[in-house]
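Subject: Structure handover

Hello,

Here is the structure for you to look through. Please open it next to this email and follow along.

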Amino acid sequence: MAKNSKLVEVVFKGERKAIFKDRNDLEILEGEYIVVEAERGQDLGKASCVGSLVKLKRGKGETRSIIRKAQENDLEVLKKNQEKEKAAFKVCREKIKHFKLEMKLVDVEMQFDGSKITFYFTAAQRVDFRELVKELASVYRTRIELRQIGVRDEAKRISGCGVCGRKQCCNAFLNEFEQITTQMAKDQQIALNPTKISGNCGRLLCCLRYENEMYIEIFSTFPPVGSRIRYGNKEGTLNYINIFQNKGLVHFGDSQEWLEPEDLQSGVTGNAVKP
């Protein structure tokens with residue numbers, strides 16, 4: 001056994017991630033399938049990060065072990081499980097209709113060794129699914145778990161492309177969902193049009209947070225939009241700030257002019273007019 005067990009981040013279906021210890025000095029590369037310890041039994045996932053970088057992501061609590069690198073027969077089991085998941089999805093959806101439950105089935109995930117099947121669903125309110133669990137358990141004769149998730153988690157599991165044309169951030173690299181507010185859109189001078197600032201999940205775009213601090217820092221060098229500005233012998237109103245040109249657009253009656261932040265700050269004669 002290795003003296004210094006290597007940490008490996010493993011990704012499972014639906015971008016579910018967990019960190020495991022390589023206690024057997026295995027030569028694991030990113031992208032390789034590995035068999036790991038599960039809560040009960042074994043599971044199979046893909047190594048997404050290996051070594052020192054994983055320490056930054058590691059949380060508190062016990063870390064389970066990596067059992068072995070996946071063999072050809074393990075990958076065959078994975079393919080069979082994927083087919084079983086598709087069939088289980090159809091069965092569960094029919095059972096939901098039968099019991100007339102107000103819930104939407106999102107995904108099905110079967111543990112590698114078949115000891116557990118997890119059904120992910122969304123619902124507007126709490127659902128009594130006890131009869132559904134009993135029915136599914138009688139069909140599959142294994143441990144059944146129904147897990148309610150939010151719409152952002154749904155988008156992460158299903159995946160897709162964002163308005164930028166690239167893979168959704170939640171599915172590509174985000175490990176946690178952070179709070180996003182409409183104020184961030186306002187800080188970036190983005191129109192509060194729900195179709196423009198919402199992702200596939202229907203919630204505010206995660207990318208609104210990425211550059212928000214930079215926008216706030218840059219705008220702090222300008223007077224607030226709506227401020228009265230005196231420049232030379234003219235007085236007007238600051239109507240727009242272009243952070244890329246680092247200039248503000250001031251309207252002087254029938255004319256307008258782009259001014260530098262220093263000229264704007266020194267020419268302020270009145271506070272911004274609040275809408």
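Below are the findings, starting with a sheet and ending with charged side chains.

This is a predicted model: local features need pLDDT of at least 70, side-chain atom pairs count only at pLDDT 80 or more, and totals for chains, interfaces and linings use all residues. Residues are numbered from 1 along each chain as its sequence is written, and side-chain values use heavy atoms, with hydrogens and water left out.

**The sheet**

Helices (H or I, at least four residues) and strands (E, at least two) are DSSP runs, numbered from the N terminus. Two strands pair if DSSP finds at least two bridges between them. Strands of a sheet pair through backbone hydrogen bonds, either parallel or antiparallel.

Five strands make an open sheet here, in the order β2-β1-β4-β3-β5, with antiparallel pairing. At the edges are β2 (17–22) and β5 (66–69), and each pairs on one side only. From one strand to the next, the twist averages 45 degrees. Three bridges join β3 (residues 33–37) to β5 in the antiparallel sense. In that pairing, V36 stands opposite I66 of β5.

Helix α2 (residues 72–99) packs on the sheet and touches β3, β4 (42–50) and β5. Contact means heavy atoms within 4.5 Å. The direction of α2 makes about 80 degrees with that of β3. For such angles, axes are lines fitted to C-alpha atoms, for helices over the stretch in contact, and the angles run from 0 to 180 degrees between N-to-C directions.

**Aromatic pairs**

Rings of Phe, Tyr and Trp (its six-membered ring) pair if their centres lie within 6.5 Å; planes under 30 degrees apart count as stacked, over 60 as edge-to-face and the rest as tilted. The structure has five aromatic pairs. One of them is F173 with Y210: the ring centres are 6.3 Å apart and the planes are at 45 degrees, so this pair is tilted. F173 is in the loop between α5 (169–172) and α6 (182–187), and Y210 is in the loop between α7 (194–197) and α8 (212–219), so the pair ties together parts 37 residues apart in sequence.

Y240 and W258 make an edge-to-face pair, 6.3 Å centre to centre with 80 degrees between the planes. Y240 sits in strand β10 (residues 234–242) and W258 in strand β12 (residues 255–259), 18 residues apart.

**Charged side chains**

A salt bridge is a side-chain nitrogen of Lys or Arg within 4 Å of a carboxyl oxygen of Asp or Glu. Buried means under 20% relative accessible area, exposed over 50%, and partly exposed in between (1.4 Å probe, protein chains only).

How many salt bridges does the whole structure hold? The search finds 21. Among them, E85 meets K13 at 2.9 Å, N to O. E85 lies in helix α2 and K13 in the loop between β1 (6–11) and β2, so the bridge ties together parts 72 residues apart in sequence. E85 is buried, at 8% relative accessible area. K13 is partly exposed, at 32%.

R157 and D107 also meet in a salt bridge, at 3.0 Å, N to O. R157 lies in helix α4 and D107 in strand β6 (residues 104–110), so parts 50 residues apart in sequence are tied together. R157 is buried at 13%, and D107 is buried at 12%. Salt bridges with shared partners join K13, R16, D43, E85, D107, E109 and R157 into one network.

Best wishes
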